[in-house]
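Have the model open while you read.

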Amino acid sequence: QVQLVESGGGLVQVGGSLRLSCAASGRSFSNYNAGWFRRAPGKERQFAAAIASSGTGTYYPDSLKGRFTISRDNAKNTVYLQMSSLKPEDTAVYYCASKCSSWSGDCAYWGQGTQVTVSS
């Protein structure tokens with residue numbers, strides 16, 4: 001069993017940067033891939049970034065490439081999402097997930113989410 005807890009969300013101005021963290025409990029976390037998803041108000045959940053269990057492979061939707069960077073530190077059981085050049089449309093609740101069979105949201109473990117608000 002893996003439990004995920006996100007942190008690092010908050011209020012940031014347009015053009016700013018923010019780094020989200022996802023701390024995992026459970027010895028098996030390093031065996032699983034991990035990803036970040038987001039849900040904006042009134043919109044469907046959207047895939048934001050993914051990383052392989054070893055951290056050597058990453059994947060992003062075209063719309064977020066170049067602005068979002070996912071990384072992980074398996075020694076700390078933590079996954080990160082570095083976000084830069086933030087826009088108002090990045091405002092959403094961001095969720096960490098792990099053990100995903102697809103990046104449409106089919107994941108075994110989910111965090112509770114952290115709010116990111118980008119103000120103009």
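1. Cys-96 sits at 0% relative accessibility, so Cys-96 counts as buried (under 20% relative accessible area, with over 50% being exposed and anything in between partly exposed; 1.4 Å probe, protein chains only). Cys-22 is also at 0%, so Cys-22 counts as buried.

2. Bear in mind that this is a predicted model: local features need pLDDT of at least 70, side-chain atom pairs count only at pLDDT 80 or more, and totals for chains, interfaces and linings use all residues. Residues are numbered from 1 along each chain as its sequence is written, and side-chain values use heavy atoms, with hydrogens and water left out.

3. Cys-22 and Cys-96 make a disulfide (a pair of cysteine sulfur atoms within 2.5 Å), with the sulfurs 2.1 Å apart. The S-S torsion is about -80°, so this disulfide is left-handed. Cys-22 lies in strand E3 and Cys-96 in strand E9, 74 residues apart. Strands (E, at least two residues) are DSSP runs, numbered from the N terminus.

4. Two disulfides are present; Cys-100 and Cys-107 form one, with sulfurs 2.1 Å apart. This link is right-handed, at 105° about the S-S bond. Cys-100 is at 9% relative accessibility and therefore buried; Cys-107, at 12%, also counts as buried.

Methods
Helices (H or I, at least four residues) and strands (E, at least two) are DSSP runs, numbered from the N terminus.
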